[in-house]
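Subject: Structure handed over, with notes on what was found

Dear colleague,

I am passing on the structure that we spoke about, and you will find it just below. Please keep it open while you read the notes that follow.

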Amino acid sequence: MEQVEGSDMFKTQVSLSELRSDVLRHLTFTIGKNESKASAYDWRMALSYSIRDRIVGPWFASSQRAWAEDRKRIYYLSMEFLIGRILEDATVNVGLRDMAEEVMAGFGLDFRSLVEEEPDAALGNGGLGRLAACFMESMATVGCPAYGYGIRYEHGLFKQRFEAGMQAEAPEDWLNQSNPWEFARPESNYTIPFKGHVETKNGAEVWVPGETVFASAYDTPVVGWQAKWANTLRLWSAKPTTLFDLDRFNRGDYAAAAEPEALARTLSRVLYPDDTTYQGKELRLKQEFFLTSAALQDIVRRFKASHSNLSDLPKYVAIQMNDTHPAIAGPELIRLLVDENGMAFSDAIETAQACLGYTNHTLLPEALERWATFTFGTVLPRHMQIVERIDSWHRNTFHPPHYVGIVKHHEVRMGELAFIMAHKVNGVSALHSDLVKKNLFSELDALHPGRIINQTNGVTPRRWLKMSNRPLSALITQTIGDGWESDLDRLRELEPLADDAAFQAAFMKAKHDNKVALTGWISKTCGVDVSPDAMFDVQIKRIHEYKRQLLNILQTVAHWQAIKANPTAKWVPRVKIFGGKSAPGYAVAKEIIHLINDIAKVINADVTTNKYLKIVYPANYNVSMAERLVPAADLSEQISTAGKEASGTGNMKFMINGAPTIGTLDGANVEILQEVGAENFFLFGLTADQVVKRREDPDHSRKAIEASPALQAVLQMIADGVFSPEQKDRYHGLVHRMWHSDYFLVASDFDAFNATQAKVDAVYADPKAWAKMAILNTARSGYFSSDRTIRSYMSEIWSIPSAL
């Protein structure tokens, strides 16, 4: 349907009475309920459809402009899109948030309660997926025509709960309710092949697949700030090519009759299935190819709808691989160009490289995927041939001094594949990009100088400040006016007020209001009563040894012991807040979760000290929980082992919301320190170079522990079973690793961390000094807007102008 300029059907801005009428219309004709019988769910759905109506107009208009002007588009491939709840975010971006609250109040309903009833879309795990979501929103805000491609996971990662302090996993159920934001696109349906064999016919290679599934599309519009542009998040759901075996069913073999559907749906059921078994590895590889092949078939189909020469693909198509999960995009695009469109192999390589960009997100070897050639060749036999041919082409063209390749030691190395097939490779912070050059891909960088560039991550200020922190965003607008939401550098205008007593009071009142709201939620959710006057010290991120939640909890025990030794001293009250999930098969991370919960149980029950120190670990950390915790945080814990964190985005969210960082020189902490100034950052720990040097001493862990009486005492308490009296040897393995390996240098950084936490207390005890530090963190956070990041990608990687 053509959009009619000014048509009521496509108006973004509406009156209160119009929005009220829309809600009632959807309640009646979409939900099928009347006012007297409608539940909270019904009202939320009716409101969601009403807001969606106001997004469809700019969505259609943006798409039609991109087609009419024959614009280049960005295609962002990611295994994760951690989009969070959509309702409130959408009302903010279309300018209807306050009106929606007023309309629902008129029906006797609390808007906040309706928002919190919306399921959190279970489409991601951590920073990778949240970054992808921020990028989608920023691309819409800055007018960058784009599609995001992901998988419509039925059960996502998992729902975390604690049983006797241990993590237990249950399936996410976000799709048990209807999703009002998505549009099914059954016409966008592609066949995805697996396995089988390759035959040579008439001199050409022909893949004869042994299995196939359909990839069926579901589209969610992503609207930018003030609805000036909107893009599409297209998620793929796996469907069977053979729906049902009626013959088996009629013979009474009911389970076997439904087997094709069950096997197909497996591909889009769970994010990151446990890959400790061969079946798990095969499923993960299939998932990655499923996403990538569906996306690329869709991209080529869209290009061919208006162009005939596939050599022109790079003029209109830029494909960004978000980490190595979609690295199969290079071979798959070559397959589509060569096998299905008759392009010469050398031309296909050149075309694919010109389209593809690769964002590296990790320096951890285990996260740079490698597939056994047997597995890869079994699941994707044609792609195994193409990968070997790419490898040979690369060696023959660039003549590396010794073997640098994709296939090595019977493994297909996806990091090397992504690098070789991309025209640009980017890290996500200045330090990370430097380490990618020096350590991760040093040989490839020497062969391809200038290919690796930096693009420091960012976060969207619309969700992470405007929406999540209404007290602070209202104060900012009152102080500097509108417009900062899309020009975050304007927060610098707050800097002259950092010493102003009245502004300090208003700023800290906004923080206190958020803390009061959080204390009620903590009490209800965790059963722990905390004071909003205490310092809220927060570490929220996936649980991993390099992120060093272990360092945090060990220092917490040392602090507890210091309070017990001198309970009448003027201690600064603290609430230590943890949040995060461990991968189901990551035993060490799950042990750390158990330890945190065991320690919390003991410390929270200590009547001598619990007015000064409590620990809170709410289960099932997700985007919605972060939206509660970040605005209320006083201190941001970013304490990873230097040289291991690619960037981090949680650190940026905390900074924007006025929480100073205690952290190492790792990831984007380096740039946060540069922006905010050393006097407004609590720095500790070894540098990346010092970490490498320290590991050269095989006895570094024992020496560090022996040099730290406080750490020795903590480890002895854990070994003695103080926190696990029912099983005194529960953490003997953890203590043994600390003494004898400690790869992530918890012991080496412990004393520096402990001393820096004392400095934090000293500053927090001076309300004016702390307020100034908090204000300057917000005022100097403009660089960390994802709008800035996207504009940089547009100019330095994608070569695409804004449509606005």
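In which loop does D323 lie? The answer is the loop between β10 (317-322) and α12 (329-339). Before going further, please keep in mind that this is a predicted model, and that the values below are computed from it.

D323 counts as buried, because its relative accessibility is 7% and the cut-off for buried is under 20%. Q226 also has a positive phi, in this case near 60 degrees, and is likewise a residue other than glycine. Q226 is found in the loop between β8 and β9 (230-240), where it is partly exposed, with a relative accessible area of 45%.

**Salt bridges**

How many salt bridges does a search of the whole structure find? It finds 65, and I describe a few of them here.

In one of them, the side chains of E117 and R44 meet, with 2.4 Å from N to O. E117 belongs to helix α5 (residues 111-117) and R44 to helix α2 (residues 40-68), so this pair ties together parts that are 73 residues apart in sequence. With a relative accessible area of 27%, E117 is partly exposed, whereas R44 counts as buried at 1% relative accessibility.

Another salt bridge joins the side chains of D219 and R185, at 3.2 Å from N to O. Here the link runs between two strands, since D219 is in β8 (residues 211-223) and R185 in β5 (residues 183-194), and the two residues are 34 apart. D219 counts as buried, at 3% relative accessibility.

K564 and D606 form a further salt bridge, in which the closest N and O atoms are 2.9 Å apart. K564 lies in helix α22 (residues 549-565), while D606 lies in the loop between α23 (587-604) and β19 (613-616), so the pair ties together parts that are 42 residues apart in sequence. K564 is partly exposed, with a relative accessible area of 37%, and D606 is buried, with a relative accessible area of 10%.

Salt bridges can also join up into a network, and one such network links E88, R97, E101, R112, E116 and R628.

If residues up to four places away in sequence are left out, R130 touches L82, I83, G84, T460, R463, W464, V623 and K653.

Leaving out residues up to four places away in sequence, M384 touches T373, F376, G377, V407 and V412. M384 and V407 are 23 residues apart in sequence, and their C-alpha atoms are 9.5 Å apart in space.

**Cavities and a pocket**

The search finds six cavities of 30 Å³ or more, and the largest cavity has a volume of about 260 Å³. This cavity is lined by 17 residues, of which I83, I86, D89, P221 and V222 lie nearest its centre. The elements that give two or more residues to its lining are α3 (87-93), α6 and β8. By type, the lining of the largest cavity divides into 11 nonpolar, two polar and four charged residues.

The second largest pocket holds about 570 Å³ of space. It is lined by 29 residues, and the closest to its centre are L363, L435, N439, L440 and F441. Two or more residues of this lining come from each of α16 (414-421), α17 (430-440), α18 (442-447) and α27 (688-695), and α27 gives the most, with five residues. The lining of the second largest pocket is made up of 14 nonpolar, five polar and 10 charged residues.

With best wishes

Definitions and conventions
Residues are numbered from 1 along each chain as its sequence is written. This is a predicted model: local features need pLDDT of at least 70, side-chain atom pairs count only at pLDDT 80 or more; totals for chains, interfaces and linings use all residues. Side-chain values use heavy atoms; hydrogens and water are left out. On a 1 Å grid over the protein atoms alone, a cavity is a set of points where a 1.4 Å probe fits but cannot get out, and a pocket is an open set with protein on both sides within 12 Å along at least five of seven lines; lining residues have an atom within 4 Å of a point. Grid points are joined across faces, edges and corners, and a volume is the space filled by probe spheres set on the points. Helices (H or I, at least four residues) and strands (E, at least two) are DSSP runs, numbered from the N terminus. Ala, Val, Leu, Ile, Met, Phe, Trp, Tyr, Cys and Pro count as nonpolar, Asp, Glu, Lys and Arg as charged, and the others, Gly among them, as polar. Contact means heavy atoms within 4.5 Å. A salt bridge is a side-chain nitrogen of Lys or Arg within 4 Å of a carboxyl oxygen of Asp or Glu. Buried means under 20% relative accessible area, exposed over 50%, partly exposed in between (1.4 Å probe, protein chains only).
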